[in-house]
Amino acid sequence: MQHLPQQEAFSYNKKVQERLSMQESVCIENAISDNILSDIRKFCIDFLKISSFDVFQDITTPRWFREGLVHQTEFVKQLSEEVIKPVLGLNDILIGDTAFCINYPPHDLHIDCRDFRVDVEGKAGIIGTKSVVVPVELDNIEYTTFYTGNQYFYGPTTRMRNGCEKLDENNETIEWQKSCGVYFSYDYAKDGMLNLDYNNPLTYDWWKENIDSEDGVPYSVFEGISIEKTHKWKPGNLIMFDSARVHWGGNLLKKGATYKMGLSLNYGHKE
Ligand SMILES: [Fe+2]
């Protein structure tokens with residue numbers, strides 16, 4: 001697939017911003033019944049081809065099982081129409097995204113606001129609006145944390161990596177993500193992130209307690225970032241937020257879990 005050079009892709013940000021509004025993030029507690037949760041769990045294990053969770057017992061090894069295009073399966077389409085959209089009062093169309101089962105590093109700062117007007121292959125006229133996280137399973141602890149920030153970025157899917165240029169050099173995963181159309185911001189102000197807040201920095205102690213991932217999500221990425229809400233990433237809950245709002249996960253290993261499994265879904269509307 002062909003993708004626009006980063007600067008050109010970001011040049012559309014203002015147009016995307018004009019078409020979207022900023023809304024508060026929400027977390028609906030116990031939105032999904034145990035029966036449905038159990039079906040989603042079976043679906044994820046199958047979709048991710050995870051036959052055993054033993055691999056997570058060695059928590060010193062980073063493991064990311066992640067598969068995209070989950071929204072094209074009949075199971076997720078039905079789940080979205082019958083459970084997720086009614087609970088959240090959503091009318092938008094399902095346009096992505098992934099199932100995952102991971103331990104470390106935590107999901108780092110990013111946005112999922114796909115602007116398909118700049119996507120070269122099809123889907124013209126669809127703009128990403130809402131992202132929904134469906135926590136499915138977590139071991140050893142009741143919940144881990146998931147954060148939404150006050151900052152917005154109206155570009156296509158972008159990872160926020162302030163201060164990580166050196167760390168990201170010659171990294172195979174990052175090169176592969178770039179080839180798949182994921183963009184990287186190393187200078188938030190220059191790239192046009194909104195609501196940057198340098199007056200109330202997240203402290204190093206906060207980072208140490210909740211993230212503590214020098215090689216994956218170092219403290220530097222939080223420069224200018226502030227927390228809108230700290231959500232409970234708890235199986236059965238549903239978390240929904242504007243796709244252009246920066247968001248990230250807490251380090252579950254710090255809380256005593258060895259993995260978390262879930263779905264992440266993206267919605268959008270046609271112009
Ligand atoms: Fe996301």
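This note sets out, in numbered points, the fold, the core and some individual residues of a predicted model.

1. Basis of the model. Residues are numbered from 1 along each chain as its sequence is written. Because the model is predicted, local features need pLDDT of at least 70 and side-chain atom pairs count only at pLDDT 80 or more, while totals for chains, interfaces and linings use all residues.

2. Overall form. The chain contains eight helices and twelve strands; these are DSSP runs numbered from the N terminus, helices being H or I of at least four residues and strands E of at least two. Its radius of gyration is 18 Å, close to the 18 Å that the globule rule gives for 271 residues, so the chain is as compact as a globular protein of that length. That radius is taken over C-alpha atoms, and the rule is 2.2 Å times the number of residues to the power 0.38. Along the principal axes, the C-alpha atoms fill a box of roughly 45 × 40 × 35 Å.

3. Burial and contacts. Of the 271 residues, 38% count as buried. A residue is buried if 20 or more other C-beta atoms lie within 10 Å of its own, exposed if 12 or fewer, and partly exposed in between, with C-beta atoms placed from the backbone. Among contacts between residues at least 6 apart in sequence, 88% join residues at least 24 apart; a contact requires C-beta atoms, placed from the backbone, within 7 Å.

4. Six strands form an open sheet in the order 1-10-5-12-3-2, with antiparallel pairing; two strands pair if DSSP finds at least two bridges between them. Strand 1 (26-28) and strand 2 (64-67) are the edge strands, each pairing on one side only. Neighbouring strands of the sheet are turned by 20° against each other on average, direction ignored. Axes for such angles are lines fitted to C-alpha atoms, for helices over the stretch in contact, and angles run from 0 to 180 degrees between N-to-C directions.

5. Strand 12 and its partners. Strand 12 (residues 260-270) runs antiparallel to strand 3 (residues 93-102), with nine bridges joining the two. Within this pairing, Ala 99 has Leu 263 as its bridge partner, Thr 98 has Ser 264, and Ile 93 stands opposite Gly 268. Ten bridges join strand 12 to strand 5, again antiparallel, and here Leu 138 stands opposite Lys 260. Strand 12 is mostly covered, eight of its eleven residues being buried.

6. Four bridges connect strand 3 to strand 2, which runs antiparallel to it; the bridge partner of Phe 65 is Cys 101 in strand 3. Seven of the ten residues of strand 3 are buried.

7. Helices on the sheet. Helix 3 (residues 34-48) lies across strand 2, strand 3, strand 5 (126-138) and strand 12, and runs at about 100° to strand 5. Helix 4 (residues 74-88) packs on the sheet and touches strand 1, strand 3, strand 5, strand 10 (238-242) and strand 12. The direction of helix 4 makes about 75° with that of strand 10.

8. The core. The largest nonpolar core has 56 residues, and those with the most contacts inside it include Cys 44, Val 132, Phe 153 and Leu 263. Such a core is a set of buried Ala, Val, Leu, Ile, Met, Phe, Trp, Tyr and Cys residues joined through C-beta atoms within 7 Å. Strand 5 gives the most to this core, with seven residues. Among the other elements giving two or more residues are helix 3, helix 4, strand 6 (144-152) and strand 11 (245-249). Leaving out residues up to four places away in sequence, Cys 44 touches Ala 99, Cys 101, Val 136, Met 261 and Leu 263.

9. Arg 41. This residue belongs to helix 3. Arg 41 is partly exposed because 15 other C-beta atoms lie within 10 Å. Neighbours within four places in sequence aside, Arg 41 is in contact with Val 136 and Glu 137. Arg 41 and Gly 256 are 215 residues apart in sequence and 21 Å apart in space, C-alpha to C-alpha.

10. Helix 6. Helix 6 (residues 172-179) is hardly covered, the count of buried residues among its eight being zero. Just after helix 6, Gly 181 takes a positive phi of about 100°.

Definitions and conventions:
Contact = placed C-beta atoms within 7 Å.
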